[in-house]
Amino acid sequence: MSRLVVVSNRVAVPDAQSATSGGLAVALRDALQSCGGIWFGWSGRTAAHTADEPTIAQVGPVTYATVDLGRKDYNEYYNGFANRTLWPLFHYRLDLADFSHENYQGYRRVNSLFAEKLRPLIEDDDHVWVHDYHLIPLGLELRARGVEQPMGFYLHTPFPAMEVLLALPSHELLVKSLCAYDVLGFQTENDLRAFRDYIHYEVGGDLLDDRTFQAHGRLVRAEVFPIGIEAGQMEAAAERAMELGAARRLDRSLGTRPLMIGVDRLDYSKGIPERFRSFERFLDTYPDHRGQVSMMQIAPLSRSEVPEYKTIRETLEGLAGYINGRYGDFDWMPLHYLTKNFQRETLAGFFRLSRVGVVTPLRDGMNLVAKEYVASQDPNYPGVLVLSRFAGAARELDAALLVNPLDHDGVAAALNKALIMSLDERRERWNAMYARVRENSLERWRERFLTALRAVPTPLAVRSGA
Ligand code: F6P
């Protein structure tokens, strides 16, 4: 089998992982281990200047090639264009998007530099798989350096509706860059449709069938590959966690009181302030739950140097204090708001102990927390998932209580419904969701994408007539 070259913004070199790195990193590493190859990207470290050469670490058949970014590159590429322009835009937050040309130049510069450093490492019959919005131009940069090898790109975030994307000054080059890949992967039909609309109406490309199109002189396959989780691992982790200190302590502290849980990176796309306001509405509208039900929101800090993330943090601190001050009592705190990070296993235990999983992003590519919550439940006594219709996961998990996170009354009613739902209905909904989560595993996602990518002939195969 030919080698695989994975490129992502952050590279999870084994042993240097953070407590939260899990599923995806492991799935990609497994693929690399079985066919050998390279994982290339940012080391996660910054320095005064961007490193001239990547740091190479050989672990078995896998070469990890990572680049330290200089402060200027880090600020303009990562904090700047990736996370202050593309991230808000792709999550339909035009109000938060910043269109600085300087950041855009930084983004182009780092993509070009990555291509320069990666080019000599690519061999003739390699297949290249690039991940996420940080690296959209990388394929075009590699093509400009003579890379003819099959290249795939997977977008983990939503792809915005055409009218939203048109607000980006550099939208043309961005989409042209996407056309440099042979295979494009999206999370949902919605994202694929938005992309195809752009190709049809804006580029004037030919949509040949429902997954192939021709544009910018290239034939490209664009398909939906919804990302999944390893449900069995999460399930086992939840069972193990029940024997651990943290889950036991939480269980003891709850007694018979039901818990609602939210776990999200501290990001405005996750709809956490809206969730808090809905929780407040819930306490207002359904006073019987006061003194009984608490919500635990775990929101580890993320992208803290980006101003919009500082603002959302302050907003949440204010709201949490306000809700607890207004409704809390000497023996009951309605909202537990934590920004600390927990191990995956501990979280699995917390999910299992929670009667309601509250996953209400304003917009999300997929949202794996929704799937992890489902996989962590006790089959005999499962909790209820309250899920935003704007999360990609809502496509598969339609047996959840689907809500519009902006509709505080609607979310409050769903929280109440979840809490009073009969055990029979809980089981019925959970069985339907669990079957979907099991079926569409992370391994299946990876293999479906790689099968599509491997169907594209390498230049070596073309030359030898294979
Ligand atoms: O969901 C998009 C994503 O960029 C993931 O690829 C990543 O794991 C997560 O957000 C965290 O982002 P960051 O690397 O900026 O901390």
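Leu4 stands opposite Gly37 in β2. In β4, Gly37 has Val62 as its bridge partner. Helices (H or I, at least four residues) and strands (E, at least two) are DSSP runs, numbered from the N terminus. Two strands pair if DSSP finds at least two bridges between them.

This is a predicted model: local features need pLDDT of at least 70, side-chain atom pairs count only at pLDDT 80 or more, and totals for chains, interfaces and linings use all residues. Residues are numbered from 1 along each chain as its sequence is written.

## The mixed sheet

How many bridges join strand β1 to β2? Six bridges link β1 (residues 4-10) with β2, and the two run parallel. Strand β2 (residues 37-47) also pairs with strand β4 (residues 62-70) in the parallel sense, over eight bridges. Gly41 faces Thr66 of β4.

These strands belong to an open sheet of 10 strands. The order is β3-β4-β2-β1-β5-β6-β7-β10-β9-β8, and the pairing is mixed. Which strands stand at the edges? They are β3 (55-59) and β8 (206-209). Each has a single partner strand, so one side of each is left without a neighbour in the sheet. From one strand to the next, the twist averages 25°. Axes are lines fitted to C-alpha atoms, for helices over the stretch in contact, and angles run from 0 to 180 degrees between N-to-C directions.

In a regular strand the side chains alternate between the two faces of the sheet.

## The parallel sheet

A further open sheet has six strands, in the order β13-β12-β11-β14-β15-β16. Its pairing is parallel. The edges are β13 (335-338) and β16 (401-403). Each edge strand has a single partner, so one side of each lacks a neighbour in the sheet. On average, neighbouring strands of this sheet are turned by 20° against each other, direction ignored.

Inside this sheet, strand β14 (residues 356-359) pairs with strand β15 (residues 384-388). The pair is parallel and has four bridges. Val358 stands opposite Val386 in β15.

## Helix pairs

Two packed helices are described by the angle between their axes and the distance between the axes.

| Helix pair | Angle | Axis distance |
|---|---|---|
| α2 (residues 71-90) and α3 (residues 101-118) | about 110° | 8 Å |
| α9 (residues 245-254) and α12 (residues 344-353) | roughly 25° | within 9 Å |
| α13 (residues 368-375) and α15 (residues 423-439) | about 115° | 9 Å |

Take α2 and α3, with an angle of about 110°. That makes α2 roughly perpendicular to α3. Angles under 35 degrees count as roughly parallel, over 145 as roughly antiparallel, 65 to 115 as roughly perpendicular and the rest as oblique. The crossing of α2 past α3 is left-handed. A crossing is left-handed if the near helix is turned anticlockwise from the far one by less than a right angle, and right-handed if clockwise. Residues of α2 that meet α3 include Lys72, Tyr77 and Phe81. On the α3 side, Tyr104, Arg109 and Val110 are among them. Two residues are in contact if their C-beta atoms, placed from the backbone, lie within 7 Å. By class, this contact has six nonpolar, five polar and six charged residues. Ala, Val, Leu, Ile, Met, Phe, Trp, Tyr, Cys and Pro count as nonpolar, Asp, Glu, Lys and Arg as charged, and the others, Gly among them, as polar.

Next come α9 and α12, which are therefore roughly parallel to each other. Their crossing is right-handed. Ala246, Ala247, Leu250, Asp251 and Leu254 of α9 touch Thr346, Gly349, Phe350 and Leu353 of α12. This contact divides into six nonpolar, two polar and one charged.

Helix α13 passes α15 in a left-handed crossing. Lys371, Val374 and Ala375 of α13 make the contact with Trp430, Met433, Tyr434 and Val437 of α15. Six of these residues are nonpolar, none is polar and one is charged.

## The ligand

Which residues surround the ligand? They are Arg10, Asp132, His156, Thr157, Ser302 and Arg303. A residue is near a molecule or strand if its C-beta atom, placed from the backbone, lies within 6 Å of it. The shell around the ligand has no nonpolar, three polar and three charged residues.
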